[in-house]
Amino acid sequence: FVAGRRIGTESFTIQQGPEGSSTKSEIKIGEGANAAEQTCDLELTAGGDLRRYTWNEQNPGKAQATVVPSEQFLVETMTPAPGEKPLEQPFILPPSTMILDDYFFVQRQLLAWRYLAASCHPDQGQSRCPLTPSKFGVLVPRQRTSLIVSMEYGGREKIVVHGQERELNRFNLSSEGNNSWALWLDDNYRLIRVLITGENTEVVRD
């Protein structure tokens, strides 16, 4: 939602197995001549390392990109349009680098899970987790750039979602350029709400 008006919808699935996980997402923005549609598929190993990331734009363009690990690099290959020569760009980043592409909010949920996994032992309750601020290197394939982001736990907070008051876990995500996001997750660590500070933009789980 931008300024209270719904402008798009993201649909996603997360499947986990003994060999890793696959997160598929589709986002549709606008209607008619202004419509945009993109999909992505993020494959991770059981340890959370990147196995493969695929991004596709169906509308208004037909761009596509892939990111795969190769020795000491992550290599992105982007094709701006059908028939154009692919552009290859290596990044000196480890496979543990998180993908945080534009528009795909489910990837912010995965980042929150990485933050919790780095701080909490499986048999600990959240109250015993030392949730101190942490920094993560991330890759933004659509922009063909990398950056450092910071995440910290903001505590329990009561907010109104779909007209009902809920007590959720708040996480604060910030990046270079003073871009800051507030994330609220429920007790099952599902992303329920996102607020992008200064942009009048809100994301709410249906």
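**Around Thr 201**

Visitor: Leaving aside its neighbours within four places in sequence, which residues is Thr 201 in contact with?

Guide: Phe 1, Val 2, Val 194, Leu 195 and Ile 196 are in contact with Thr 201, once neighbours within four places in sequence are set aside. Contact here means heavy atoms within 4.5 Å. Before we go on: this is a predicted model, in which local features need pLDDT of at least 70 and side-chain atom pairs count only at pLDDT 80 or more, while totals for chains, interfaces and linings use all residues. Residues are numbered from 1 along each chain as its sequence is written, and side-chain values use heavy atoms, with hydrogens and water left out.

Visitor: Why is Thr 201 called buried?

Guide: Buried means under 20% relative accessible area (exposed is over 50%, partly exposed in between; 1.4 Å probe, protein chains only). Thr 201 has 13% relative accessibility, so Thr 201 counts as buried.

Visitor: What does the side chain of Thr 201 reach, and at what distance?

Guide: The backbone oxygen of Glu 199, at 3.0 Å. A polar contact is a pair of N or O atoms within 3.5 Å; within protein, one must be able to donate a hydrogen and the other to accept it, and residues adjacent in sequence count only if both atoms are side-chain atoms. At 3.0 Å, the pair falls within that limit.

**Strands and partners**

Visitor: Which strand does Thr 201 lie in?

Guide: Thr 201 lies in strand 14, residues 201-204. Strands are DSSP runs of E with at least two residues, and helices are runs of H or I with at least four; both are numbered from the N terminus.

Visitor: How do you know that strand 13 and strand 14 pair?

Guide: Two strands pair if DSSP finds at least two bridges between them. Four bridges join strand 13 to strand 14, so these antiparallel strands pass the test. Thr 201 is the bridge partner of Ile 196, and Arg 193 stands opposite Val 204. The hairpin of these strands has four residues between them, and Gly 198 takes a positive phi near 80°.

Visitor: Which strand joins strand 13 through five bridges?

Guide: That is strand 12, which runs antiparallel to strand 13. Trp 181 stands opposite Ile 196 there. In this hairpin, with five residues between the strands, Tyr 189 takes a positive phi near 65°.

Visitor: Why is strand 13 described as largely enclosed?

Guide: Five of its six residues are buried, so strand 13 is largely enclosed by the rest of the structure.

Visitor: What makes strand 14 an edge strand?

Guide: Seven strands form an open sheet in the order 8-9-10-11-12-13-14, with mixed pairing. Strand 14 and strand 8 (98-99) each pair on one side only, and they are the edge strands.

Visitor: In what order do the strands of the antiparallel open sheet run?

Guide: Its seven strands follow the order 1-2-3-4-5-6-7. Strand 1 (8-17) and strand 7 (87-91) are at the edges with a single partner strand each, so one side of each lacks a neighbour in the sheet. On average, neighbouring strands of this sheet are turned by 10° against each other, direction ignored. Axes are lines fitted to C-alpha atoms, for helices over the stretch in contact, and angles run from 0 to 180 degrees between N-to-C directions.

Visitor: Which strands does helix 1 lie across, running at about 90° to strand 10?

Guide: Strand 8, strand 9, strand 10, strand 11, strand 12 and strand 13. Helix 1 (residues 106-119) also lies across strand 1, strand 2, strand 3 (36-45) and strand 4 (50-59), at about 40° to strand 1.

**The largest pocket**

Visitor: How much space lies in the largest pocket?

Guide: About 900 Å³. On a 1 Å grid over the protein atoms alone, a pocket is an open set of points where a 1.4 Å probe fits, with protein on both sides within 12 Å along at least five of seven lines; lining residues have an atom within 4 Å of a point. Among the 38 lining residues, Glu 10, Tyr 103, Phe 105, Trp 181 and Val 203 are closest to the centre. Strand 13 gives the most to the lining, with five residues.

Note on methods
Points joined across faces, edges and corners; volume = space filled by probe spheres on them.
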